[in-house]
Amino acid sequence: MNWQSLADHALAGGVPSREAARAVLHAPADETLALLDAAFRVRRAHWGRRVSLHVLENAKLGACPEDCGFCSQSSKHSSPGGEAPMKSVDELVAGARRAHATRAKRYCMVTATRGPSQRDLDTICAAAEQIKSEMEIELCASLGILTEAKAKRLVDSGVDRFNHNLETSERHYATIVSTHTWRDRVETVQIAKRAGMDTCCGGIVGLGESEDDLLDLAFALRELDVDSVPVNFLDARPGTPLAGYPLVEPAYALRALCMFRFVHPRTDLRVAGGRELTLRALQAFALYPANSIFTQGYLTTGGATAHADHQMIRDAGFELELASGETVAADPDAMANLPTRRPSLPVARS
Ligand code: SF4
């Protein structure tokens, strides 16, 4: 396979064939750098050498009535994750200030829920209004299933983007989740889009999916025309049905990111949860296909500090993109004294 031809095709606006996308997943180890170089040409054409940082805020932890097999926040599993009530507006605004201090482009408030209650929505919207009046940062919310009316409230409060992942193919989804369907998720993404929000919608590699499931996911997201694709790698949580599933091989993770870049040439492609554990020493290579990362950890698990991420970005010769649209140098020294954010500390279940 000629990886540069694949890049030429993507740069000309073409969609790779399914077989070309499959070939990326099978690239031999000797061709890893050539593949990354081709994916980087596509990434650079649309995103330059810019990397945007995103910070997650677990606004409401655990006790979720859904049964997603990979998630330690489901009340259906016996994960030792605990639960915590909805954070206050002040706490959410304080989280945004901490995110802003890391030079994050985007702050994402997330609740473990089937869909937002009126009360939780009020809190998210009040926090969004205050954050937008106080600082320049883009806002994302991930609150489960939406209605048109709830989506409109989010837009009116200043939420720029809504996250709702498809996670995997429609076929495989039914083996991982039984309390809602893959189609339900597609519908929420469409509601968010119709309401005028950007859409962030990706998946998880390592759910025991077949290669065809991963390809189906990539092409389904292209059809949905989402604005942002987070690619997570399973970090199997104790007590979930997927406990004990192995980490994805780092070289395969890089090939998967390259495949997503060729299928989504212009999209904000994020190397998301599981980055540190899965890629280990190869993390910086992910910046060649992907243009954004989460910093300071995830919803229930820790991750790299802002200091380490700024250092990686600077060392690899990339720069930061801010919400203002400005591009600035990564500055690990300025991050050295920031408090390390820990994932939401659980209140033990009684
Ligand atoms: S809906 Fe979200 S929080 Fe609830 S179990 Fe599924 S992934 Fe976890």
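Student: Which residue is the bridge partner of Met109 in β3?

Tutor: Keep in mind that this is a predicted model. In β3, Met109 is partnered by Ala141. Now widen the view to the strands. Strand β2 (residues 106–111) and β3 run parallel, joined by five bridges.

Student: How does the chain cross from β2 to β3?

Tutor: Through helix α5 (residues 118–134). This β-α-β crossover is right-handed.

Student: Which strand pairs with β3 over two bridges?

Tutor: Strand β4 (residues 161–163), in the parallel sense. Look at Cys140: its bridge partner in β4 is Arg161. Helix α6 (residues 148–156) belongs to a right-handed β-α-β unit with β3 and β4.

Student: Why is β3 described as largely enclosed?

Tutor: Count its buried residues. A residue is buried if 20 or more other C-beta atoms lie within 10 Å of its own. In β3 (residues 138–142), five of the five residues are buried, so the strand is largely enclosed by the rest of the structure. Next, sort them by direction. Glu138, Cys140 and Ser142 point one way, while Leu139 and Ala141 point the other way.

Student: Which residues of strand β8 lie on each side?

Tutor: Asp268 and Arg270 are on one side of β8 (residues 268–271), with Leu269 and Val271 on the other. All are buried, and both faces are covered.

Student: What stands opposite Arg270 of β8?

Tutor: Pro230 does. Strand β7 (residues 228–233) runs parallel to β8, and four bridges join them. With α10, β7 and β8 make a right-handed β-α-β unit. Then turn to β9. Two bridges join β8 to β9, again in parallel. There, Ile293 is opposite Val271.

Student: Now helices. Which residues of helix α2 are buried?

Tutor: Start with the general idea. An α-helix has 3.6 residues a turn, so residues three or four places apart point the same way. In α2 (residues 18–25), the buried residues are Ala20, Ala21 and Val24. Seen down the helix axis, they fall within an arc of 100°, so they line one face of α2.

Student: What covers the buried residues of α2?

Tutor: The cover includes α1 (3–11), α3 (32–47), α9 (211–224) and α10 (250–263).

Student: How should I read a phi angle?

Tutor: Most residues other than glycine have a negative phi. Ala63 is not a glycine, yet its phi is positive, about 55°. Arg103 is not a glycine either, and its phi is about 70°.

Student: Are Ala63 and Arg103 buried or exposed?

Tutor: Ala63 is partly exposed, with 16 other C-beta atoms within 10 Å. Arg103 has 23 and is buried. Ala63 sits in the loop between β1 (50–60) and α4 (89–101). Arg103 is in the loop between α4 and β2.

Student: Where is Gly303?

Tutor: In the loop between β9 (292–294) and α12 (306–315). Gly303 counts as buried, with 22 C-beta neighbours inside 10 Å. Leave aside neighbours within four places in sequence, and its contacts are Glu276, Phe294, Gln296, Gly297 and Tyr298. Gly274 is 29 residues away along the chain, but the two C-alpha atoms are separated by 8.2 Å.

Student: Last one. Which residues are around the ligand?

Tutor: Cys64, Glu66, Cys68, Cys71, Gln73, Ser74, Ala112 and Gly144. Sort them by class: four are nonpolar, three polar and one charged.

How values were computed: Residues are numbered from 1 along each chain as its sequence is written. This is a predicted model: local features need pLDDT of at least 70, side-chain atom pairs count only at pLDDT 80 or more; totals for chains, interfaces and linings use all residues. A residue is near a molecule or strand if its C-beta atom, placed from the backbone, lies within 6 Å of it. Ala, Val, Leu, Ile, Met, Phe, Trp, Tyr, Cys and Pro count as nonpolar, Asp, Glu, Lys and Arg as charged, and the others, Gly among them, as polar. A residue is buried if 20 or more other C-beta atoms lie within 10 Å of its own, exposed if 12 or fewer, and partly exposed in between; C-beta atoms are placed from the backbone. Two strands pair if DSSP finds at least two bridges between them. A crossover is right-handed if, with the strands pointing away from the viewer, the path from the first strand over the helix to the second runs clockwise. The arc is that of the directions from the helix axis to the C-beta atoms. Two residues are in contact if their C-beta atoms, placed from the backbone, lie within 7 Å.
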